[in-house]
Amino acid sequence: MTAYDLSRYLNVRSAYGSSFAPDGTLAFLMNTTGVAQLWSLPEPHGWPEQLTFYDDTVSFVDFSPERQELVFGMDEGGNERAQLYRLDADGHIHELTGMPDAKHRWGGWSPDGERFGFASNRRNEAVFDIYVQDRDATGDDAELIWKGDGWFSVGGFSPDGERLLVSEAHSSFDQDIYVLDIDSGNRSHLTPHEGKVRYTSASWGPEGEAVYLVTDAESDTLELARLSLEGDLDIVRSDEQWNIDGVALDKDSGRLVYSRNIDGYNELTVGELTGPTTIETFPTPDLPGGLAGGVSWGPDAERFAVSVTGRQVNTNVFVVEAETGESEQWTAASTAGIPRETFIAPEVVRFDSFDGREIPALFSLPESAANGNDADGDTPVIVDIHGGPESQRRPSFSGLTQYFLSRGYAVFEPNVRGSTGYGKAYTHLDDVEKRMDSVKDLRAGVDWLHDHPAVDPNRIVAMGGSYGGFMVLAALTEYPDLWAAGVDVVGIANFVTFLENTGDWRRELREAEYGSLDTDREFLESISPINNVDRINAPLFVLHGANDPRVPVGEAEQIAEQAAEQGVPVEKLVFDDEGHGISKRENRIEAYTAVVEFLDDHV
């Protein structure tokens with residue numbers, strides 16, 4: 001028996017997504033109330049002040065560079081149609097957009113704090129336009145700067161406030177960068193290219209003379225590069241084996257932080273540009289956990305705030321002195337009274353798949369098995385499959401994972417082909433007609449588990465969310481005899497109905513990964529689990545949000561209904577106030593209590 005129940009583990013708090021005010025006050029998101037709200041701290045270890053009090057999740061915060069005011073975003077019930085709001089120093093909140101049927105994607109403040117930029121699909125749901133708006137104006141007063149014909153976003157104002165950095169995503173692995181003149185509307189294309197090339201994490205450099213970003217234009221891995229306004233690309237830092245995931249640059253000082261992804265963990269490098277492509281590096285920050293991101297530079301760039309997490313470290317905000325690397329934890333998101341030393345870290349393992357390719361995974365054993373007490377092979381395993389698929393399972397904190405480990409489950413988290421973090425070629429190994437090769441990787445992972453002395457091969461569970469939910473359903477239909485149960489969270493059951501019903505703004509991006517309804521419909525039908533539902537043997541739990549704009553709830557309804565008709569034990573749980581995932585703590589407790597009871601019954 002575990003010493004702590006599930007609700008305790010799901011009550012472990014997180015603090016993240018910080019932003020510095022001009023006076024050094026730190027604003028951040030924290031889920032103490034059950035959903036992420038805005039909080040602030042004037043100094044480390046102080047008593048935080050709650051600034052917003054909504055039932056829905058606040059998605060980001062960004063302080064003005066000149067005033068004690070900030071902008072935050074929030075949608076309704078997980079529908080992802082985010083609206084923008086301004087919070088004044090006196091606590092008064094102004095709605096800036098007020099168009100609940102449209103998405104609004106924040107693009108940053110102008111240098112003088114008088115305006116802000118954003119992208120929105122308010123004109124046409126399928127495409128994003130670029131807008132600039134005065135800080136005290138309402139949504140109707142936003143100025144349309146550029147009519148888009150695709151997925152555009154704003155990367156920030158130039159140091160002189162006259163231009164915008166704009167990114168266009170053709171797919172998750174293919175982007176373009178533009179500079180847009182605000183007054184004239186003229187647009188300069190900096191990255192014409194053939195094939196799929198990533199240009200991400202773009203920031204204006206000092207004086208606005210260039211852009212710094214990460215790209216795989218000249219390498220299998222992402223590299224830190226300088227892109228001139230004439231389109232010339234110079235590599236600043238590279239690694240032949242690992243990606244440089246992103247860069248956060250203070251355009252006034254030239255100080256920057258970039259992150260190298262090493263087998264899912266990351267390593268921060270802090271420095272200062274001393275020339276267009278030269279960096280004076282500072283001491284490496286002293287941070288726990290193995291994962292840090294979401295950098296926010298403070299006034300004068302003498303320090304920066306960063307969100308820190310790890311499998312044994314719940315997420316909190318630390319502040320790092322740039323020149324020394326010394327760090328201090330500012331927020332105190334609690335572990336709900338659970339001792340940190342009881343949290344279990346994973347081991348990075350690798351297994352050979354059907355074609356001899358080596359597949360990485362995170363593997364965590366419960367304490368009894370890790371100590372050798374369960375070497376007789378009676379440990380059940382949850383194979384937890386990430387979404388995306390353009391994503392990577394990384395060892396961040398998860399209360400649910402720690403609960404399963406405390407209950408005696410092992411947890412196996414494969415980064416099957418198509419995952420990010422292992423180079424460009426690896427990410428394309430599951431494209432379109434190669435989709436099911438990633439499901440074969442799951443089979444190979446289970447074979448690896450069968451050979452592990454602690455594992456009970458008859459008690460292996462497939463669990464995953466979003467694309468990971470599709471992987472669960474595909475695993476249950478392709479290899480029905482391997483699984484004791486399946487847990488599908490907001491997963492895709494039918495690629496045709498998914499693409500027909502997903503948000504208009506997402507369809508083109510998803511077709512670039514999965515295949516087109518016009519040209520690949522027959523193939524999409526052939527790999528859709530719904531068309532092989534008669535092969536499912538294992539009990540199935542289906543969990544979804546009614547407001548999901550990415551994978552509509554119809555995917556859950558059709559797989560649950562048809563699996564039940566085949567005589568499969570099925571439980572379905574749909575939350576009316578959730579979208580693509582279960583985010584509210586009370587809903588998470590209800591949902592995963594039901595999942596645990598389901599697994600107790602069947603596993």
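Predicted model: local features only at pLDDT ≥ 70, side-chain atom pairs only at ≥ 80, totals over all residues.
View 1. Residues are numbered from 1 along each chain as its sequence is written, and side-chain values use heavy atoms, with hydrogens and water left out. Strands are DSSP runs of E with at least two residues, helices are runs of H or I with at least four, and both are numbered from the N terminus. The strands β13 and β14 run antiparallel and are joined by 6 bridges, where pairing requires that DSSP finds at least two bridges between two strands. In the hairpin that they form, 5 residues lie between the strands, and G161 takes a positive phi near 75°. Because 6 of the 7 residues of β13 are buried, this strand is largely enclosed by the rest of the structure; buried means under 20% relative accessible area, exposed means over 50%, and partly exposed lies in between, using a 1.4 Å probe and protein chains only.

**View 2. Helix α8 spans residues 504-514.** Its buried residues are W505, R506, R507, L509, R510, E513 and Y514. Among the elements that cover these buried residues are β13 (151-157), β14 (163-171), α5 (435-450) and α9 (521-527). Just after α8, the residue G515 takes a positive phi of about 125°.

**View 3. The largest cavity holds about 40 Å³ of space.** A search of the whole structure finds 1 cavity of 30 Å³ or more. A cavity is a set of points, on a 1 Å grid over the protein atoms alone, where a 1.4 Å probe fits but cannot get out, and lining residues have an atom within 4 Å of a point. Grid points are joined across faces, edges and corners, and the volume is the space filled by probe spheres set on the points. The lining includes S171, K196, E390, H428 and D431, and α8 gives the most to it, with 3 residues.

**View 4. V383, F412 and W483 touch the most other members of the largest nonpolar core, which has 60 residues.** Its largest share, 8 residues, comes from α6. A nonpolar core is a set of buried Ala, Val, Leu, Ile, Met, Phe, Trp, Tyr and Cys residues joined through side-chain atoms within 4.5 Å. Leaving out residues up to four places away in sequence, V383 touches F412, P414, L442, L449, I460, V461, A462, M463 and W483, where contact means heavy atoms within 4.5 Å. A second, separate core of 36 residues includes Y9, A485, V487 and V603.

**View 5. A538 lies in the loop between α9 and β35 (540-545).** This residue is buried, with a relative accessible area of 3%. Apart from its neighbours within four places in sequence, A538 is in contact with L476, W483, A484, A485 and V568.

**View 6. An open sheet of 4 strands has the order β1-β2-β3-β4, with antiparallel pairing.** The strands β1 (15-20) and β4 (49-50) stand at the edges, each with a single partner strand, so one side of each is left without a neighbour in the sheet. Over 4 bridges, β1 pairs in the antiparallel sense with β2 (residues 26-30), and the bridge partner of A15 in β2 is M30.

Note on methods
1 Å grid on protein atoms, 1.4 Å probe; cavity = no way out; pocket = protein on both sides within 12 Å on 5 of 7 lines; lining within 4 Å.
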